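Open the model in your viewer and keep the selection panel at hand. We will go from the whole assembly down to single elements.

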There are 2 protein chains.
Amino acid sequence: MSSSASKMTTGERLHRHERYVPVDHTRVAFNAGFWKSWQETVRDVTIPTQHKRLEEEGFLEVLDFDNPPGPLARPIQPSGLSMQHFFDSDFGKWIEAASYTLKNHPNPDIEAKIDAIVEKLEHGQMEDGYLNSWFIRREPEKRWTNLRDLHEMYSMGHLIEGAVAYFEATGKRRFLDVMIRAVDHIIDTFGPEPGKLRGYDAHEEIELALVKLYRVTGDPRHLKLSTYFVDERGQMPSYFDDEARRRGEDPADYVYETYAYSQAHKPVREQNEVVGHAVRAMYLLSAMTDLAFENDDPSLKDAADRLFANLTGRQLYVTGGLGPSAANEGFTRAFDLPNETAYAETCAAVALGFWCSRLAETDLDGKYTDQLETVLFNGALSGIARDGEHYFYENVLESHGQNRRWKWHYCPCCPTNIARFITSLGQYFYTTKGNEIAVHLYGANAAEFDLDGTFVRLRQETAYPWEGDIRMTLGLFQPTDLTLKLRIPGWCRRVRATLNGRDVPLVAVKGYVTVSDTFEDGDELRLSFDMPVERLYAHPAVGEDAGRVAFRRGPVVYCVEETDIGIEPQRLRIAPDASLEARYDADLLGGAVVLEGEGFEAATDGFDGGLYRTSPPALKPRPFRAIPYHLWANREAGAMQVWLTEK
Amino acid sequence: MSSSASKMTTGERLHRHERYVPVDHTRVAFNAGFWKSWQETVRDVTIPTQHKRLEEEGFLEVLDFDNPPGPLARPIQPSGLSMQHFFDSDFGKWIEAASYTLKNHPNPDIEAKIDAIVEKLEHGQMEDGYLNSWFIRREPEKRWTNLRDLHEMYSMGHLIEGAVAYFEATGKRRFLDVMIRAVDHIIDTFGPEPGKLRGYDAHEEIELALVKLYRVTGDPRHLKLSTYFVDERGQMPSYFDDEARRRGEDPADYVYETYAYSQAHKPVREQNEVVGHAVRAMYLLSAMTDLAFENDDPSLKDAADRLFANLTGRQLYVTGGLGPSAANEGFTRAFDLPNETAYAETCAAVALGFWCSRLAETDLDGKYTDQLETVLFNGALSGIARDGEHYFYENVLESHGQNRRWKWHYCPCCPTNIARFITSLGQYFYTTKGNEIAVHLYGANAAEFDLDGTFVRLRQETAYPWEGDIRMTLGLFQPTDLTLKLRIPGWCRRVRATLNGRDVPLVAVKGYVTVSDTFEDGDELRLSFDMPVERLYAHPAVGEDAGRVAFRRGPVVYCVEETDIGIEPQRLRIAPDASLEARYDADLLGGAVVLEGEGFEAATDGFDGGLYRTSPPALKPRPFRAIPYHLWANREAGAMQVWLTEK
């Protein structure tokens with residue numbers, strides 16, 4: 001056992017006073033409304049069916065260390081990688097997602113399933129702590145020979161995150177100890193010290209996992225290792241070059257051509273544009289933001305901020321989706337945001353949420369939490385079907401009906417990622433610092449806070465995101481000096497607040513208003529955000545959206561589906577002055593606000609079997625309906641469009 | 001030597017009276033104007049530099065049969081195919097392109113280079129006639145084991161076309177005899193007869209090459225083999241399934257998943273949609289159209305017509321480009337015509353030209369020759385740079401400047417294809433039947449016809465396509481009864497014709513007007529096609545072009561390049577009533593008509609570093625200029641757009 005392990009207590013957090021620390025997600029109960037429904041779906045359907053898929057698809061077979069390896073579940077790609085190389089990451093993420101449900105909703109069956117996996121992992125772990133099912137079973141002699149392509153530390157990172165979550169949920173240390181031993185092995189193997197490999201994994205993930213581990217163990221070596229990986233990244237000459245030569249390969253033959261694919265083309269502090277594989281970029285930036293705080297390193301925060309500005313000003317879909325290209329699963333160039341071929345991987349959107357929440361921990365600024373909210377309600381949530389057991393890997397903003405949700409994916413990284421986002425959602429709603437509670441997100445829930453011994457309850461009653469009225473009620477044992485930092489969403493043009501019925505003057509600083517008072521039990525704070533239907537227009541450099549309009553109401557971006565209007569929405573034309581009505585439709589997939597208005601249909605007659613003619617298509621009136629983007633592709637197959645053509 | 005070879009005479013054609021037979025291209029001299037310039041460029045720059053590339057890139061090394069094979073010039077793909085498998089096709093096509101120049105412009109150096117290749121081919125040809133450099137040198141035991149993936153007959157087809165062209169140009173029989181022996185071997189190996197393999201090549205090409213060969217040799221076995229291949233195609237159970245099993249493979253593992261990729265999913269007469277790889281489809285359809293005539297088989301013509309209607313009504317770019325997807329180098333679904341990701345391979349556009357000309361040979365209908373002209377001036381010609389030594393493989397209709405022309409391509413099928421199209425261009429201008437001359441294309445040239453012993457000269461003087469006025473002068477030894485069939489282009493709304501100054505009444509039937517007369521030497525026929533700038537609109541089901549307009553003048557489709565207007569054309573807005581002026585710009589890349597008008601620029605200010613806002617971008621006046629699409633990407637790198645956003 002590692003010497004560090006003895007220091008731990010469940011839930012212990014460092015630096016509680018220096019940053020806005022996320023509330024423990026188990027202390028936020030979504031007891032009604034929007035997220036209650038989604039959390040129930042994920043808990044009752046998603047988590048069990050995902051375990052079933054992991055079994056059916058051979059993901060758990062890789063842990064049968066006592067038996068010879070079976071046939072490859074996934075073939076080797078030109079990069080040398082098989083999806084099976086990182087199957088560990090998938091059940092690691094599943095354990096994490098499931099663990100977040102266990103404290104408030106104990107489930108002996110799920111817990112037994114996790115214990116079974118942990119037992120196999122512990123059994124298979126090598127003497128020296130190494131842990132990766134592919135290499136142990138298939139190519140032990142090749143371990144640590146290809147950090148560029150084979151995701152060893154990426155997989156271990158997800159196992160670490162799973163182990164931390166399971167430990168925090170159950171207090172069981174076995175998995176955590178396994179992963180601490182694995183990290184000890186990595187510390188022995190990698191680092192700047194003589195005799196160690198000066199490497200880092202091309203697929204970021206372990207960096208942020210090590211910070212999570214550090215916050216549980218308090219072991220400074222865990223933080224140091226994460227810091228080393230981030231600092232070493234992109235240093236030249238590249239470790240990946242040396243490593244390729246040691247394998248007898250020419251580094252110039254790298255299948256992705258540039259280390260920008262892995263954000264390893266230059267040191268992280270010198271990077272000014274988000275580049276390469278989007279999930280990798282978001283995991284790296286999450287770790288950089290964590291380390292900026294933990295190491296009190298403003299140079300990392302500066303870099304993260306530059307990259308945040310680049311992302312949000314140049315490379316982000318209106319849904320919060322990111323990484324437009326399938327070729328590199330990532331970024332291309334500024335303003336390249338194609339709709340129908342959008343890759344916009346669910347994992348990247350989820351990871352953007354992770355990053356935004358971390359940014360707001362040390363720098364309470366609505367620009368971060370606005371993006372967290374956007375991605376949560378749109379580009380991330382679109383990755384899971386309303387039934388909780390079908391998924392999108394790619395989240396296009398336009399379709400001709402060819403995009404259908406998958407029961408399982410060839411590379412199933414996304415299903416468990418969106419699952420863990422939803423099961424741990426409470427932590428993104430609130431952070432605390434001293435006697436301050438920052439409220440980032442709105443939605444019906446009841447939360448509990450322990451502010452240095454002062455117990456505070458806060459209940460939100462609201463139909464958000466369908467309505468903008470929120471009633472917050474405080475539960476206190478005695479009158480208490482509290483400061484509430486309330487996010488005023490960036491989309492909101494008019495807000496009114498009352499405390500116990502009296503108007504509260506609202507001055508937002510960086511997107512948050514401060515309400516400080518000696519609060520009493522039962523104090524009631526009401527917020528009323530105007531939530532009209534808004535028309536959105538893209539920056540003119542986004543050629544794809546030229547002449548097009550999108551609709552948003554509150555944080556929810558809308559789309560039009562063929563099934564609602566009887567024609568492909570690509571044939572719809574919207575007048576610049578068209579008025580839209582918002583209406584709650586209780587029958588739509590569990591209930592949602594839909595938008596209704598009058599549009600025009602570009603008529604197909606008169607083309608005489610041809611494709612082109614010299615007069616524009618005639619326009620005929622056609623009413624239309626728009627539904628929340630995250631709910632698309634849950635009904636009949638058909639075309640869909642977020643950016644609609646203006647008349 | 002094959003018994004058939006003795007029957008040949010250079011240039012002999014069968015069925016002269018039953019169809020409109022293309023004029024021998026050597027008898028059409030482009031002595032001025034548009035095509036003179038292009039033919040000179042191809043002859044003086046393209047043909048020599050292509051041979052240089054073939055040498056530099058190792059394409060000719062594959063013929064060094066006496067030496068062990070060198071390292072692979074191209075790696076093996078997941079399909080099992082290396083580009084090097086079909087290097088033969090590339091120099092075959094180069095020989096063909098070069099041969100078309102030799103009769104009117106003898107070039108001993110080029111002829112010697114061809115002879116050197118022929119000598120090596122003859123030397124390497126196997127005893128039994130088999131000829132393919134890959135298999136002979138590398139895997140002789142694997143020949144004819146994978147028609148699904150490895151292009152053996154495709155390569156031989158291009159060698160046959162090259163051999164026919166070289167024979168017709170020089171009268172030298174050596175190459176032709178080599179290929180006749182190769183075909184004899186194929187006849188011995190494949191066919192419906194017991195003991196033969198009942199196969200056909202997945203990549204069509206040999207089918208049309210065999211018809212060309214038959215028209216030179218008169219050997220009915222050559223026609224029969226082509227007919228067999230076309231009739232056998234798509235019959236079930238599939239030969240490709242059997243063949244895969246013989247290789248010990250599971251047919252279900254086929255990398256392209258469906259034989260529709262090769263138009264082999266069902267018998268050709270049952271196909272109703274153009275599918276799969278676009279070049280393959282066009283080569284097949286060319287052969288089907290040839291065979292419809294040669295075998296007097298209306299069922300093939302019916303199928304070709306159905307597929308022509310499907311292509312032109314559902315799957316064709318306004319430029320004549322086709323096959324939008326890189327994934328299968330081909331077709332996807334009706335109305336899927338993305339602009340920026342258009343694959344629209346040059347080869348496919350050239351092959352569409354081949355097919356259209358064949359359709360018009362037996363069925364004189366302007367709908368075919370309209371497409372021939374469209375693709376010629378736009379989607380095919382865009383594949384070669386004005387300097388004659390840079391190329392596009394993909395012909396996008398929109399770019400942000402990332403598309404630059406290549407000096408050579410990884411898979412260099414396109415450069416030699418566009419070269420042979422241009423060097424043989426005369427044959428597409430005129431066809432004859434009895435005493436009829438059908439004039440399909442307009443452009444300055446002097447042509448000679450031998451109509452059953454009657455010698456006719458016809459000269460076109462015109463600045464076409466920049467102007468619509470054509471003066472045609474007849475040269476005759478004596479007064480001659482002639483029928484001229486003059487194409488009235490589909491784009492033309494108003495035409496006037498005079499014969500020796502007197503108006504000629506014009507009644508177009510299927511796009512052609514008939515002028516029959518006893519003509520005398522010096523008779524002058526003037527045609528004047530109105531050629532205003534036209535706005536084009538796409539069928540509303542083409543979502544990509546919703547709210548957009550394209551410009552065409554005569555047969556020439558226009559585009560806007562960033563270099564001409566100082567902003568990305570994606571930011572340009574065109575008013576529905578904007579008037580455009582056409583002006584000849586002698587300084588633009590050798591001279592071209594450009595279009596000039598007043599547009600608007602979507603201003604980028606006011607976005608405050610963000611991507612989306614609730615008000616549309618402000619519009620500021622901005623003049624713009626459009627240039628012929630085929631001339632794009634010949635100057636500074638920059639963005640380009642064919643379909644411009646309307647205001």
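This is a predicted model: local features need pLDDT of at least 70, side-chain atom pairs count only at pLDDT 80 or more; totals for chains, interfaces and linings use all residues.

A word on conventions: residues are numbered from 1 along each chain as its sequence is written, and chains are lettered from A and ligands numbered from 1 in the order in which they are written. Local features need pLDDT of at least 70, side-chain atom pairs count only at pLDDT 80 or more, and totals for chains, interfaces and linings use all residues, while side-chain values use heavy atoms, leaving out hydrogens and water.

Next, colour chain A by domain, with bounds from an automatic or database domain assignment: domain 1 (1-16 + 47-72 + 84-255), domain 2 (267-424), domain 3 (431-529) and domain 4 (534-646). The C-alpha centres of domains 3 and 4 of chain A are 36 Å apart. Where they meet, 5 residues of domain 3 of chain A contact 13 residues of domain 4 of chain A.

Now select residues 298-314 of chain A, which form helix α11 (helices are DSSP runs of H or I, at least four residues; strands are runs of E, at least two; both are numbered from the N terminus). The 17 residues of α11(A) reach 24 Å from first C-alpha to last, close to the 24 Å expected at 1.5 Å a residue (1.5 Å times one less than the number of residues). Its buried residues include L300(A), L307(A), F308(A) and L311(A) (buried means under 20% relative accessible area, with a 1.4 Å probe and protein chains only). What do the buried residues of α11(A) pack against? Show α8 (220-232), α10 (278-294), α12 (346-362) and α13 (366-380) of chain A.

Finally, move to chain B for an open sheet of 6 strands with mixed pairing, in the order β1-β4-β5-β9-β13-β12 (strands pair if DSSP finds at least two bridges between them). Its edge strands are β1 (21-22) and β12 (508-509) of chain B. Zoom in on β1(B): 2 bridges join it to the antiparallel β4 (430-433) of chain B, and V21(B) has T432(B) as its bridge partner.

Technical notes:
Buried means under 20% relative accessible area, exposed over 50%, partly exposed in between (1.4 Å probe, protein chains only). Contact means heavy atoms within 4.5 Å.
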